[in-house]
Amino acid sequence: MNYAGRFNSFVFKGQTVFDAIKAYKKMDGITHLEFNYPEHIAGYDLEELKQAIAPLKVNGFAVRWRKDWLDGDFTNPDAALRQRAIDLAREACDLCRELGGSVITLWFENDGFDYPFQMDYQDSWNKLVEGIREVADYAPDMKISIEYKPFEERDFAMVDSAGMTLYLISEVDRPNVGCTLDYCHMLMKHDNPSFGLVLAAAKGKLFGLHMNDGYGWKDSGLIFGSLSFAQSAEFVYYLERCGYDGVVFFDTFPIREDSRAECQANIQAFELIKSKVDREGVDSIRDVVSKHDGISAQRLILSMLR
């Protein structure tokens, strides 16, 4: 399995991007890096980054628009700001490609609303679709991956669920547009994570994963499998059943924990849960699932806990 960790786990504690790269290179299991753009790239020399990264690989960039776009990213009513948001995503494609990456993750943190009558829904939806098309057509060799979140930063996000994300992908109608599923975001929406995974994978649109855990009422960013073991195990089972071969990115927030130890704990948890699934066997688990029986499912869960 390919694993990547979160740069801001280190950067938010006063370390540099180069410090984080050094830390990841010392961890067992880390194979790839995921950068935020522009915050982890601006001001750094690309050639120096390339030298520092090797032998690790870059999986992709996640675009961050932040405070300049509080009124919207691709739906911003200011035409100049909206175009600048699109241009940032296009720039991310160019620089990501140069570093050897292939996935551009778009989380539309400001595309949503807080009040009734605050947004023209149809007009905003059209702008969102057109903006994604512009990025996808600009970089047809890159995977443009949409990450949904039901709320935060807005009270209501436009792209708020697995179903809405797949509908948006269908509306955009570009072969290089898919989705990144964030486990904690799915819990916040009360989506069943494995259900969304299967639907995206069946369409060939599962481009990325953000693994973590939480209580479902905010973006907790806790260590993977620390709370929802059964759902986490089911998620790993369907990853194996669907043949996912991409990167598993741990989007967790070690505010009080040591950053390196916390990332390593994610890898250890994922590997342990995967070993439980492998021990049972995909075919055996499929037989249990086919029974549509809660008692059989509970016996399977208890067996994996041994």
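Buried means under 20% relative accessible area, exposed over 50%, and partly exposed in between (1.4 Å probe, protein chains only). The model is predicted, with local features needing pLDDT of at least 70, side-chain atom pairs counting only at pLDDT 80 or more, and totals for chains, interfaces and linings using all residues. Residues are numbered from 1 along each chain as its sequence is written, and side-chain values use heavy atoms, without hydrogens or water.

**View 1. Isoleucine 301 in helix α12.** Isoleucine 301 belongs to α12 (residues 294-305); helices (H or I, at least four residues) and strands (E, at least two) are DSSP runs, numbered from the N terminus. Its relative accessibility is 24%, so isoleucine 301 counts as partly exposed. Not counting residues up to four places away in sequence, isoleucine 301 touches Phe229 and Ala230 (contact: heavy atoms within 4.5 Å).

**View 2. The buried side of helix α3.** Leu46, Leu49, Ala52 and Ile53 are the buried residues of α3 (residues 46-53). They cover an arc of only 120° around the axis, which puts them on the same side of α3. The arc is that of the directions from the helix axis to the C-beta atoms. The buried residues of α3 pack against α2 (17-25), β2 (30-37), β3 (57-63) and α4 (79-98).

**View 3. The lining of the largest pocket.** The lining residues comprise 9 nonpolar, 7 polar and 13 charged. Here Ala, Val, Leu, Ile, Met, Phe, Trp, Tyr, Cys and Pro count as nonpolar, Asp, Glu, Lys and Arg as charged, and the others, Gly among them, as polar. A pocket is an open set of points on a 1 Å grid over the protein atoms alone, where a 1.4 Å probe fits, with protein on both sides within 12 Å along at least five of seven lines; lining residues have an atom within 4 Å of a point.
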